Amino acid sequence: MTLPRLFGSAALTLASLLSGGLVSNASAQVAIRGDVIHTGDGGRLQNGVLVIEDGKISAMGPAADIVIPGGFEVLSAAVVTPGLVDVRSVVGLAGAYAIEGKDQDQVEEGSAIQPELRALDAYNPRDELVAWVRGFGVTTVQTGHAPEELVPGQLFIVKTRGVSADADAVKTVSGVAATIGEAAVRSGKDSPGTRGKMMALLRAKLIEGQAYVESQNRASADEDKDAPKRDLALDAIAAVLRGELPLVVTAHRAQDIASALRLADEFKVQLVLDGASESYLMLDEIKASGFPVSLHATMKRSVGEAENLSFQTAAKLHEASIPFAIQSGYEAYVPKTRVVLFEAAVAASHGLGFDAALASITSGAARILGLQDRVGTLAVGMDGDVALFDGDPFEYTTHCVGTVIEGVVVARGERQR
Amino acid sequence: MILPLLLSLAATAAPPLAQGPGAPGGPAGPAEPGATATTRAFVGARILPISGPEIETGVLVVSDGKIVSVTAGGAVPEGAEVIDAAGKTIMPGLVCTHSHLGGIGGADGSGPIQPDVRVSDSINVRDAGYMRALAGGLTALNVMPGSGHLLSGQTCYLKLRADASTIEDMFIRDADGAPTGGIKMANGTNPMRGGAFPGTRGRSAALVRQQFIAAQEYMAKIEAAGDDETKLPNRHIGMEALAEVLSGKRVVHHHTHRHDDILTVLRLAEEFHFRVVLHHVSEAWKVADEIAASGAACSIILVDSPGGKPEAIDVAFKTGGVLERAGVKVAFHTDDWITDSRLFLRMGALAVRAGMSREGALRALTLSGAEILELEDRIGSLEPGKDADFTILDGDPFSVYTKVLETWVEGEKRFDRGLPEHALYAEGGYGAAHDQEPYFCCFGLQAGGQ
């Protein structure tokens with residue numbers, strides 16, 4: 001559906017290319033030719049070319065219509081897709097070695113509610129797993145604190161370039177994570193120990209946040225009123241209450257999904273339903289809520305509160321027209337991260353189909369992250385984030401032969417073996 | 001129990017597979033005598049016998065739980081039930097050489113070496129994991145205790161037979177009727193837990209050596225006693241199991257990841273002359289020639305990313321191909337719950353993507369696994385006389401889009417994707433994990449639990 005726009009833009013962009021300089025200091029200049037280019041939103045371009053100039057796609061169309069400027073590196077592949085977008089990960093925080101105190105910054109066990117923890121401060125761009133997923137075409141991830149406490153901390157969105165959290169960040173805060181269910185249970189006399197207590201603590205914190213916001217509002221409206229003493233945790237809660245950040249609630253059981261929806265209704269906050277193993281039991285309620293689903297990895301282990309998960313959930317969400325994306329999620333052990341390419345592949349073969357599966361890790365994920373104007377589709381003006389494959393990207397035996405982030409070739413298939 | 005009579009049947013059946021497609025017994029051949037009411041002929045499928053070349057359009061005949069013939073358009077015995085398998089692919093039931101399905105519990109926290117423990121005493125045969133395994137095309141498993149011990153107990157080789165009510169119904173038995181199995185050992189970080197357990201690699205090896213020396217002494221006492229029962233040592237079931245290891249009767253299935261840990265296993269195996277299969281071997285690609293020289297086989301796992309613990313940081317998809325080219329016998333395993341038995345075929349495909357031959361990867365899912373479990377005379381390939389354990393696919397084994405349609409064990413259909421109650425296990429959904437007890441190996445340790 002986006003094809004006409006793409007074709008139309010080609011001539012225009014060509015003109016701009018000819019008038020503009022060919023070399024930029026900002027990034028390399030790259031052109032990519034694909035036997036087929038999947039635009040990420042269902043569009044296909046046979047024997048297409050896209051040109052990335054200064055980090056953005058500057059031209060795209062049939063190979064015959066696109067003149068590749070001199071001096072550009074030309075990459076070629078059987079199949080070209082947008083750089084993949086992982087809607088929920090912990091890479092960069094949950095390091096590859098899994099050594100407590102060394103590279104495990106995905107959960108701070110000090111207390112149950114810590115919305116002040118910024119993912120930006122915890123992200124190691126040079127962790128092996130960031131490079132790993134980059135090698136499989138993943139260019140954008142929402143990563144952050146793991147769903148292992150009631151409110152484990154914040155999430156942020158980052159390109160997988162591996163330079164620095166600041167340089168690579170797309171959004172420095174993209175959501176506040178919360179967990180309802182077994183993973184949020186604390187042992188002994190620590191709260192929460194039950195689901196009832198989890199909801200009581202969440203409600204109490206949100207009510208505290210409401211008072212904080214009201215106090216801030218009064219102070220800004222009336223010079224005689226003092227603003228409340230600054231509280232980093234309540235700052236984050238306030239951003240959720242003001243609708244500036246979504247509450248990304250990990251809930252697997254249907255009853256926990258219902259609790260999340262009830263909470264959102266009471267406090268008028270924006271949710272992303274995360275994990276959501278049993279969302280297939282809640283299609284009507286989720287659809288009515290309008291909230292998107294950040295669905296568990298298709299191959300997530302079906303144990304504990306996720307024991308009823310299904311390979312077909314993605315297909316059912318798709319059929320119900322519920323916005324969703326497939327995540328890599330959190331793994332405590334082996335494999336230390338999943339790869340959304342592999343997870344979407346299994347969903348594709350279990351009812352979702354190729355186009356919807358690809359959308360679930362490109363355009364669909366970008367929409368949930370509010371980045372649909374930058375990443376997740378291939379079109380003129382979008383970030384030059386591209387994945388290259390030597391066949392059907394979902395086939396087990398296909399290789400990702402190249403990954404490009406904003407025009408820079410960041411992987412050339414070296415992770416495939 | 002059904003072993004002897006079938007071998008004679010095989011003798012009268014179709015030509016052996018080694019002759020390949022196009023061999024004698026064309027489509028117009030006369031009906032073979034001797035068909036019984038339970039004889040079934042699967043006609044028209046692409047058949048991957050593993051022990052021989054692929055047959056483009058073949059006929060698989062099974063009877064009384066055994067394979068009668070595998071031919072390219074060969075004869076269908078008179079009276080046989082004919083099953084149209086056109087467009088489908090039939091291959092041997094997959095053999096998983098390392099699984100933890102069944103809610104198992106082996107050795108406990110009382111010590112690092114517990115050869116007296118039998119994992120078979122802990123298995124829930126109704127665990128939904130076994131249905132999931134069937135949904136993945138698996139028919140035989142080596143079910144093992146975990147890797148949090150230097151030696152965590154005796155393993156058992158199981159068939160996913162119909163109507164198993166007790167573990168005895170699942171055992172694969174030897175010629176004497178005894179359940180088959182190996183013994184599980186581990187080195188590297190998982191058993192290094194402090195307390196009664198070792199804290200270092202050196203200590204780990206020392207504890208194992210000391211234990212095997214004790215077993216040698218136990219065996220020597222028995223030998224010295226000769227016919228004089230009064231001189232026999234007191235019976236010690238742990239020592240009995242170790243004696244089976246040292247006498248070559250019971251193979252060691254050894255968890256080991258890092259290249260130096262792999263070589264330590266080989267060193268101990270050489271010193272004490274036990275037979276060993278190297279499991280996981282994340283860094284086998286660094287010491288492939290040394291492994292090849294030892295003659296040890298490898299049971300490997302491929303996972304979707306490296307790490308999770310330091311010794312798995314260099315795990316690589318290429319391991320299967322590297323070992324294959326070095327001449328090492330390679331089988332795959334699920335390590336279920338580490339990977340999902342329903343997606344076992346995927347592991348072969350991942351190996352192929354990283355350079356293993358297609359033929360080698362198919363073998364590593366079937367016949368090589370059977371050889372590692374020393375069951376190659378009965379399972380692992382489609383050959384006359386072998387158990388009728390096979391799986392029927394709707395496409396190429398190594399395509400993501402392929403589904404397991406049916407799985408048959410000893411001539412009985414155990415999984416049928418067309419049945420909603422079976423599809424539940426294949427796809428997941430509400431109730432798909434009933435009765436299922438996850439076993440996390442050392443997951444609890446990593447998460448600070450246990």
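Because the model is predicted, local features are given only at pLDDT of at least 70 and side-chain atom pairs only at pLDDT 80 or more, whereas totals for chains, interfaces and linings use all residues. Residues are numbered from 1 along each chain as its sequence is written, chains are lettered from A and ligands numbered from 1 in the order in which they are written, and side-chain values use heavy atoms, with hydrogens and water left out.

**Figure 1. Overview of chain A.** Chain A contains 11 helices and 15 strands; helices (H or I, at least four residues) and strands (E, at least two) are DSSP runs numbered from the N terminus. Its C-alpha atoms fill a box of roughly 65 × 55 × 45 Å along the principal axes. The radius of gyration of chain A is 22 Å, which agrees with the value near 22 Å for a compact globule of 417 residues; this radius is taken over C-alpha atoms, and the globule rule is 2.2 Å times the number of residues to the power 0.38. Of the 417 residues, 64% count as buried, where buried means under 20% relative accessible area, exposed over 50%, and partly exposed in between (1.4 Å probe, protein chains only).

**Figure 2. Overview of chain B.** Chain B has 12 helices and 17 strands, and 60% of its 450 residues count as buried. Among contacts in chain B with a separation of 6 or more, 69% are between residues 24 or more positions apart; contact means heavy atoms within 4.5 Å.

**Figure 3. The largest nonpolar core.** A nonpolar core is a set of buried Ala, Val, Leu, Ile, Met, Phe, Trp, Tyr and Cys residues joined through side-chain atoms within 4.5 Å. The largest one holds 186 residues, of which A:Leu271, A:Phe394, B:Leu278, B:Ile291 and B:Phe332 touch the most other members. Helix H9 (residues 340-352) of chain A gives the most to this core, with 9 residues. Apart from it lies another core of 18 residues, including A:Val30, A:Ala77, A:Leu378 and A:Met382.

Figure 4. Beyond its neighbours within four places in sequence, B:Leu278 contacts residues including B:Thr256, B:Ile262, B:Val265, B:Ile291 and B:Cys298. B:Thr256 belongs to strand E11 of chain B and is buried, with a relative accessible area of 0%. Leaving aside neighbours within four places in sequence, the contacts of B:Thr256 include B:Asn187, B:Asp261, B:Leu278, B:His280 and B:Val281. B:Val281 lies in the loop between strand E12 (276-280) and H6 of chain B, where its relative accessible area of 0% makes it buried. Although B:Val281 is not a glycine, its phi is positive, about 40 degrees.

**Figure 5. Helix H7 of chain B and its cover.** In helix H7 (residues 319-326), the residues B:Thr319, B:Gly320, B:Gly321, B:Val322 and B:Leu323 are buried. The cover over the buried residues of this helix includes helix H6 (288-294), strand E13 (297-300) and strand E14 (330-332) of chain B. B:Gly327 follows the helix and has a positive phi, near 90 degrees.

**Figure 6. A buried loop residue, A:Gln106.** A:Gln106 is located in the loop between strand E5 (84-89) and helix H2 (128-134) of chain A. It counts as buried, at 2% relative accessibility.

**Figure 7. Cis peptide bonds in loops.** In chain A, A:Val334 and A:Pro335 are joined by a cis peptide bond with omega about -5 degrees. A:Pro335 lies in the loop between strand E12 (324-326) and H9 of chain A. In chain B, the peptide bond from B:Asp336 to B:Trp337 is cis, with omega near 20 degrees, and B:Trp337 is in the loop between E14 and helix H8 (344-353).

**Figure 8. B:Ile50, a non-glycine residue with positive phi.** The phi of B:Ile50 is positive, about 75 degrees, although this residue is not a glycine. B:Ile50 lies in the loop between strand E1 (40-47) and strand E2 (55-63) of chain B and counts as buried at 16% relative accessibility.
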